[in-house]
Amino acid sequence: MEHASDDEQAPEAEGATPTQRAIALAARELFEAKGYGAASIREIAKAAGVDPALVIRHFGSKDELFARVIGFDEHFAPHLDGPLGTVGERLTAYLLDASHTQLRASFSAIVRAADHERVRVEFQDSLRRLLVEKLSARMSGDDTLLRAWLVSAQLVGLIHSWDAVGGESATPEARAQVARLYGAAIQKLITP
């Protein structure tokens with residue numbers, strides 16, 4: 001999702017106030033634990049130790065708060081570089097890495113909240129900008145844009161279902177095997 005403009009700094013950014021950081025941290029934790037719909041502004045404010053009016057003052061609305069604290073701008077770019085023939089496995093391995101629990105939780109929170117128009121539009125825009133356009137620009141053949149969108153759908157589906165199938169308890173060897181197998185399936189869309 002997009003980060004805030006220069007005049008509305010992202011809460012994690014240098015220069016964010018302690019109040020903004022507290023609200024952002026509380027919001028991220030609650031959105032990931034309960035989902036967009038179940039996490040209320042009042043509950044976020046209480047967890048941050050602030051008045052609910054401050055949440056609105058600093059973030060505008062619940063939609064804006066969600067869009068600003070659940071983001072993933074930095075995650076795809078480094079893994080799209082390198083040989084095109086191994087992008088599928090590299091992306092899959094990165095997303096399933098045991099140290100990326102927070103990333104998977106953020107993705108799942110976004111997917112669960114995608115029935116809200118603003119969240120869905122931001123999510124689609126982020127996927128388009130961060131993954132689909134960059135990947136399709138490197139691909140050849142017919143329907144590169146459609147194939148790149150299908151790659152994004154496969155990755156999001158894997159992340160969203162990983163915990164449900166017990167993936168978080170997988171051994172490093174099992175994660176590597178899933179990355180090889182699932183990455184190969186994704187790779188067929190990238191380099192048919």
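**Helix ends, domain contact and salt bridges**

Gly-60 follows helix 3 and has a positive phi, near 90 degrees. The model described here is a predicted one.

The protein is split into two domains, with domain 1 spanning 18–69 and domain 2 spanning 77–190. Their C-alpha centres are 27 Å apart. In the contact between the two, domain 1 provides 9 residues and domain 2 provides 11 residues. About 840 Å² is buried between domain 1 and domain 2, and 57% of this area is on carbon and sulfur atoms. On the domain 1 side, Glu-32, Tyr-36 and Phe-66 account for 58% of the area buried against domain 2, more than any other three residues.

What kinds of pairing occur between domain 1 and domain 2? The count of salt bridges between them is 0, while the count of residue pairs in polar contact, both at pLDDT 80 or more, is 2. Two elements give two or more residues to the side of domain 1 that touches domain 2, namely helix 1 (18–34) and helix 4 (62–69). Helix 4 gives the largest share of that side, 4 residues. By residue type, the side of domain 1 that touches domain 2 consists of 4 nonpolar, 1 polar and 4 charged residues.

Within domain 2, which spans 77–190, helix 7 runs over residues 101–112 and contains Ser-108. Is Ser-108 buried or exposed? Its relative accessible area is 11%, so Ser-108 counts as buried. Apart from neighbours within four places in sequence, the residues in contact with Ser-108 are Ile-159 and His-160.

The salt bridges come next. Side chains of opposite charge can pair when their charged atoms come close. In this model the count of salt bridges is 6. One of them joins Lys-34 to Glu-43, with the closest N and O atoms 2.7 Å apart. Lys-34 has a relative accessible area of 40% and is therefore partly exposed. Glu-43 is also partly exposed, because its relative accessibility is 27%.

Another salt bridge links the side chains of Arg-120 and Glu-117, at 2.2 Å from N to O. Both residues belong to helix 8, which covers residues 117–138, and they are 3 residues apart, about one turn of the helix. An α-helix has 3.6 residues a turn, so residues three or four places apart point the same way. Arg-120 counts as partly exposed, with a relative accessibility of 28%.

A further salt bridge is formed by the side chains of Arg-175 and Glu-168, with an N to O distance of 4.0 Å. The two partners fall into separate accessibility classes: Arg-175 is buried, at a relative accessible area of 9%, whereas Glu-168 is partly exposed, at 28% relative accessibility.

Technical notes: Residues numbered from 1 in each chain as written. Predicted model: local features only at pLDDT ≥ 70, side-chain atom pairs only at ≥ 80, totals over all residues. Heavy atoms only, no water. Domains from an automatic or database assignment. Contact = heavy atoms within 4.5 Å. Buried area = accessible area lost by both parts, 1.4 Å probe. Polar contact = N/O pair within 3.5 Å; in protein donor to acceptor, adjacent residues only side chain to side chain. Nonpolar A, V, L, I, M, F, W, Y, C, P; charged D, E, K, R; others polar. Buried < 20%, exposed > 50% of the residue type's maximum accessible area, 1.4 Å probe, protein only.
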